[in-house]
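Let's learn together how to read pairs of aromatic rings in a protein model. Have a look at the chain below before we start.
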Amino acid sequence: DEAAALQASMAAKGKATFEPGLTDEELEAAEQRFGITFPPELRTFLSVGLPVGPSFPNWRTGMAGNSFIEGVLFDVECNDFWWEGSDLS
């Protein structure tokens, strides 16, 4: 599976650590909490494993990292910002 391979690569390179993935209920709760819809690929990625740490929003609890999430959502909505991504593999 592509998501699992990417996560294994990220973990092996020390770019992230992972907790068990989000359940469908947790994904839906995060979408409702932040008024967003995860793209299918991100939904799959987060259901395989949840990246944790200071560089990642905590989609499970919605607590730690809220300022990061709110900042990104603000920039996407108000500043015509869209992150093209980087090579995480």
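Q: What should I know about the model before reading it?
A: This is a predicted model, in which local features need pLDDT of at least 70, side-chain atom pairs count only at pLDDT 80 or more, and totals for chains, interfaces and linings use all residues. Residues are numbered from 1 along each chain as its sequence is written, and side-chain values use heavy atoms, with hydrogens and water left out.

Q: How is a pair of aromatic rings described?
A: We give the distance of the centres and the angle of the planes. Rings of Phe, Tyr and Trp (its six-membered ring) pair if their centres lie within 6.5 Å; planes under 30 degrees apart are stacked, over 60 edge-to-face, and the rest tilted.

Q: How many aromatic pairs are found in the whole structure?
A: The search finds 2. In one, the ring centres of phenylalanine 18 and phenylalanine 45 are 6.2 Å apart and the planes stand at 75 degrees, so this pair is edge-to-face. Phenylalanine 18 lies in strand 1 and phenylalanine 45 in helix 3, so the pair ties together parts 27 residues apart in sequence.

Q: Which rings form the other pair, and at what angle?
A: Phenylalanine 38 and tryptophan 59 have ring centres 5.0 Å apart and planes at 85 degrees, so they too are edge-to-face.

Q: Is phenylalanine 38 buried or exposed?
A: Buried means under 20% relative accessible area, exposed over 50%, and partly exposed in between (1.4 Å probe, protein chains only). Phenylalanine 38 has 6%, so the residue is buried; tryptophan 59, at 13%, also counts as buried.

How values were computed
Helices (H or I, at least four residues) and strands (E, at least two) are DSSP runs, numbered from the N terminus.
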